[in-house]
Amino acid sequence: MATALADLYQGYIDCLNSQDWDNLGKYVGTEVSYNGERVGFVAYRQAREREFREIPDLHFKVSILVSDRKTVASRLEFDISPSGEFLGLPVNGKRVKFCENVFYEYEGGKIARVWSVLDKAAVEAQLSRS
């Protein structure tokens, strides 16, 4: 079961990277919550679409993936150039590298809950050097 969930999660990542918004509902539940707040599928999708608009070179790269029967833990690596502000910081097109540690809980084969922590300190350190 854990392997099947890892494969399902990789399908979700591939869906994001290809910006296949019409198929996102295959991976994300209608009542999805994000960091403890119920946001629902529509808002979740809108947030991902906005990220790709604001970060033209956005790409989700899985560096660590651990799963059990209903949970996925993933470390995602990013090497991006956000336009304008990012995480409240004036990035303005500068290239930054950082990681996200994220947990997903699945129900009925879809993501029901997401807990995410971005390494904002890594971005701040890079901006202070430039």
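Me: Is V39 buried, partly exposed or exposed?
Reply: This is a predicted model, in which local features need pLDDT of at least 70, side-chain atom pairs count only at pLDDT 80 or more, and totals for chains, interfaces and linings use all residues. Residues are numbered from 1 along each chain as its sequence is written, and side-chain values use heavy atoms, with hydrogens and water left out. Buried means under 20% relative accessible area, exposed over 50%, and partly exposed in between (1.4 Å probe, protein chains only). V39 has 26% relative accessibility, so it counts as partly exposed.

Me: Where does V39 lie, and which residues does it touch, not counting residues up to four places away in sequence?
Reply: V39 sits in the loop between β2 (37-38) and α2 (40-54). Helices (H or I, at least four residues) and strands (E, at least two) are DSSP runs, numbered from the N terminus. Contact means heavy atoms within 4.5 Å. Leaving out residues up to four places away in sequence, V39 touches V32, S33, Y34 and Y44.

Me: How far apart in space are V39 and D14, C-alpha to C-alpha?
Reply: In sequence, V39 and D14 are 25 residues apart. In space, C-alpha to C-alpha, the distance between V39 and D14 is 22 Å.

Me: Is L5 buried or exposed?
Reply: L5 belongs to helix α1 (residues 2-17). Not counting residues up to four places away in sequence, L5 touches D68, R69, K70, T71, V72 and Y106. Its relative accessibility is 5%, so L5 counts as buried.

Me: How many helices and strands does the protein chain have?
Reply: Read along the sequence, the pattern is α-β-β-α-β-β-β-β-β-β-α. That gives the protein chain three helices and eight strands.

Me: Why is the protein chain called as compact as a globular protein of that length?
Reply: The radius of gyration is taken over C-alpha atoms, and the globule rule is 2.2 Å times the number of residues to the power 0.38. For 130 residues the rule gives 14 Å, and the protein chain is close to it, so it is as compact as a globular protein of that length. Its radius of gyration is 15 Å.

Me: What percentage of the residues of the protein chain count as buried?
Reply: The C-alpha trace spans about 45 × 25 × 25 Å along its principal axes. Residues 24 or more positions apart account for 50% of the contacts with a separation of 6 or more. Of the 130 residues of the protein chain, the buried share is 40%.

Me: Why do the buried residues of α3 line one face of the helix, and what covers them?
Reply: In α3 (residues 120-129), V123, Q126 and L127 are buried. Seen down the axis, they fall within an arc of 100° (taken from the directions from the helix axis to the C-beta atoms), so they line one face. On the other side of α3, S128 and R129 are exposed. The cover of the buried residues includes β5 (85-86), β6 (89-90) and β7 (96-107).

Me: What is the phi of Q19?
Reply: Most residues other than glycine have a negative phi. Q19 lies in the loop between α1 and β1 (28-34). It is partly exposed, with a relative accessible area of 38%. Q19 is a residue other than glycine with a positive phi, near 55°.

Me: Which loop holds N35, and what is its phi?
Reply: N35 is in the loop between β1 and β2. At 41% relative accessibility, N35 counts as partly exposed. Although N35 is not a glycine, its phi is positive, at about 50°.
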